[in-house]
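This report describes how the parts of one protein chain are arranged. Please keep the sequence and the structure in view while reading.

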Amino acid sequence: MTARTAVVLLHGGKAVSSEPSRPWHLSNVRMVWLQLALRRRLPRGIDVRRFRYRVRGWNGPRADPVADAVAALDTLSAASSTPLRVVLVGHSMGGRVAAHLARRPEVVGVVALAPWWPAADADLVDPDIRLVAVHGTTDTWTDPESSRRQCAQAQARGVDARWIGLPRSGHFMVRDAATWHRLTAEAVAGMLV
């Protein structure tokens with residue numbers, strides 16, 4: 001039985017906010033652009049999905065977007081008649097969400113784009129999956145040095161981890177968007193081989 005492959009896009013947000021997440025928020029719009037780019041660049045048959053969290057904030061120990069993403073993955077898994085292989089692609093807070101979901105059995109890889117990893121979030125990535133973090137080196141919203149350091153620590157634990165720095169690029173994946181999209185597609189394709 002052939003496994004079904006899917007890419008789940010996880011958008012960014014805020015550290016604290018109970019404001020509802022709306023389709024027109026730039027964090028969601030970014031994922032629309034990325035979804036279109038991945039659908040063009042990835043082989044046919046790979047399901048590229050995005051969804052929206054209920055609220056914009058991580059909100060401390062509640063980790064609201066993690067619960068929303070768990071529900072989305074549960075629904076996706078339940079709807080699949082064959083085994084499911086998922087790559088999680090998260091931007092900013094979505095990178096943190098992806099790290100928190102990395103031990104789920106259907107997850108084979110995490111692509112973290114300018115991830116917000118304020119703690120040892122990459123430590124949550126299991127050595128059985130692959131991790132790629134792409135970070136603009138001039139990012140002032142999230143810390144590129146933290147993501148680089150956490151990828152190195154994950155690699156030391158046996159995770160197939162790689163950090164890619166994009167010089168002169170910031171947080172929002174606007175400057176040189178085609179490079180962000182290409183690197184993401186290459187990482188995802190490599191994880192689904």
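## Pairing of the strands

E1 and E3 pair in the parallel sense over seven bridges; two strands are said to pair if DSSP finds at least two bridges between them. Helices (H or I, at least four residues) and strands (E, at least two) are DSSP runs, numbered from the N terminus.

The model is predicted: local features need pLDDT of at least 70, side-chain atom pairs count only at pLDDT 80 or more, and totals for chains, interfaces and linings use all residues. Residues are numbered from 1 along each chain as its sequence is written, and side-chain values use heavy atoms, with hydrogens and water left out.

## The whole sheet

In what order do the six strands of the open sheet stand? The order is E2-E1-E3-E4-E5-E6, and the pairing is parallel. E2 and strand E6 (160–166) are at the edges and have a single partner strand each, so one side of each is left without a neighbour in the sheet. From one strand to the next, the twist averages 15 degrees. E1 and E2, which run parallel, are joined by four bridges, and the bridge partner of Ala6 in E2 is Asp47.

## Helix H1

Helix H1 (residues 26–41) has 16 residues and reaches 22 Å from its first C-alpha to its last, close to the 22 Å expected (1.5 Å times one less than its number of residues). H1 lies across E1, E2, E3 and E4, and runs at about 180 degrees to E2. For such angles, axes are lines fitted to C-alpha atoms, for helices over the stretch in contact, and angles run from 0 to 180 degrees between N-to-C directions.

Several residues of H1 are buried, including Met31, Leu34 and Leu38. Buried means under 20% relative accessible area, exposed over 50%, and partly exposed in between (1.4 Å probe, protein chains only). The buried residues of H1 pack against E1, strand E2 (47–50), E3, E4 and helix H5 (177–191).

## The nonpolar cores

In soluble globular proteins, nonpolar side chains tend to be buried together. A nonpolar core is a set of buried Ala, Val, Leu, Ile, Met, Phe, Trp, Tyr and Cys residues joined through side-chain atoms within 4.5 Å. The largest nonpolar core has 33 residues, and Leu88 and Trp117 are among those that touch the most other members. H3 gives the most to this core, with five residues. A second, separate core has 26 residues, among them Val48 and Trp180.

Seven of the eight residues of E3 are buried, so this strand is largely enclosed by the rest of the structure. Leaving aside its neighbours within four places in sequence, Leu88 is in contact with residues including Val8, Leu73 and Val110, where contact means heavy atoms within 4.5 Å.

## A buried loop residue

Glu106 is found in the loop between H3 and E4. Is Glu106 buried or exposed? Glu106 is buried, with a relative accessible area of 6%. Beyond its neighbours within four places in sequence, Glu106 is in contact with Leu73, Ser77, Leu84, Arg85 and Val86. The C-alpha atoms of Glu106 and Leu84 are separated by 5.7 Å, although the two residues are 22 residues apart along the chain.
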